[in-house]
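Here is my note on the model, point by point. Please read it with the structure open.

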Amino acid sequence: VHPTQHYPGLTSIYDFYFSGTTRDFALGNKNSNDMSSYYSSVSYRTLNAQNDIKLSWTLLEIHDWPRYLSAPANRGSVGKLLSGLSLLLTQQGIPIIYYGLEQGLNGDCHWDNIHAGDATQSIIDNCKNGDDSTFRQDMFISGPWRLGSAVDEINQLN
């Protein structure tokens with residue numbers, strides 16, 4: 001046994017159950033009862049028995065989940081962004097802010113901002129098909145894969 005770690009195995013893990021519940025609650029897809037029931041769930045009890053639950057990593061989005069604000073009704077919602085980040089930063093665990101979340105990146109294709117030469121049509125096709133690549137996007141003005149943000153000032157950058 002490690003001298004300071006009283007649990008076997010990893011000292012921290014991604015708590016996907018909690019993160020998914022938090023994400024859905026912040027977006028209005030779950031209610032407060034769903035949040036409170038997490039603490040009596042098998043997932044919570046299992047994680048708490050294996051590590052210090054306060055060290056678990058929590059998140060609202062990750063590379064293989066759709067962007068937090070990707071649903072059409074949420075794409076321009078700075079309020080949903082701020083409430084989600086507030087919840088993430090005040091809940092138990094270590095908050096993980098996946099790149100672009102802090103900028104409100106939402107995976108929304110802006111056809112007029114895709115300038116990739118011969119690859120432009122392929123990128124547009126991926127956007128139209130809801131390709132997994134819209135979960136990740138270029139955050140740099142010079143990149144060919146600049147998608148939308150809930151923050152108007154970011155969308156207006158040239």
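Over which ring does the charged end of Arg67 sit?

1. Arg67 and its ring. The charged end of Arg67 sits over the ring of Tyr99, 5.2 Å from the ring centre. The criterion is NZ of Lys or CZ of Arg within 6 Å of the ring centre and within 35 degrees of the ring normal.

2. Basis. This is a predicted model: local features need pLDDT of at least 70, side-chain atom pairs count only at pLDDT 80 or more, and totals for chains, interfaces and linings use all residues. Residues are numbered from 1 along each chain as its sequence is written, and side-chain values use heavy atoms, with hydrogens and water left out.

3. Overall layout. The chain has six helices and two strands. Helices (H or I, at least four residues) and strands (E, at least two) are DSSP runs, numbered from the N terminus. Their order from the N terminus is α-α-α-β-α-β-α-α. Of the 158 residues, 42% count as buried. Buried means under 20% relative accessible area, exposed over 50%, and partly exposed in between (1.4 Å probe, protein chains only). Contact means heavy atoms within 4.5 Å. Among contacts between residues at least 6 apart in sequence, 68% join residues at least 24 apart.

4. Ser70. This residue is in the loop between strand S1 (57-59) and helix H4 (78-90). Ser70 is buried, at a relative accessible area of 19%. Its side chain reaches the backbone oxygen of Arg67 at 2.8 Å. Beyond neighbours within four places in sequence, Ser70 is in contact with Arg75 and Asn106.

5. Aromatic pairs. The whole structure holds ten of them. Rings of Phe, Tyr and Trp (its six-membered ring) pair if their centres lie within 6.5 Å; planes under 30 degrees apart count as stacked, over 60 as edge-to-face and the rest as tilted. Phe18 and Tyr38 make a tilted pair, 4.9 Å centre to centre with 50 degrees between the planes. Phe18 lies in helix H1 (residues 16-26) and Tyr38 in helix H2 (residues 32-38), so this pair ties together parts 20 residues apart in sequence. Both Phe18 and Tyr38 are buried. Ring pairs also link Tyr17, Phe18, Tyr38, Tyr39 and Tyr44 into a cluster.

6. Gln91. This one sits in the loop between H4 and strand S2 (94-96). A polar contact of 3.5 Å joins the side chains of Gln91 and Tyr39. Such a contact is a pair of N or O atoms within 3.5 Å; within protein, one must be able to donate a hydrogen and the other to accept it, and residues adjacent in sequence count only if both atoms are side-chain atoms. Neighbours within four places aside, Gln91 is in contact with Phe18, Met35 and Tyr39.

7. Nonpolar cores. A core is a set of buried Ala, Val, Leu, Ile, Met, Phe, Trp, Tyr and Cys residues joined through side-chain atoms within 4.5 Å. The largest has 13 residues, of which Leu60, Tyr68, Leu69, Leu81 and Leu101 touch the most other members. H4 gives the most to this core, with four residues. Another core lies apart from it, with seven residues, among them Ile13, Met35, Tyr38 and Tyr44.

8. Helix H1. Its buried residues are Phe18, Ser19, Gly20, Thr21, Thr22, Arg23 and Ala26. Their cover includes H2, S1 and H4. Gly28 follows H1 and has a positive phi, near 85 degrees.
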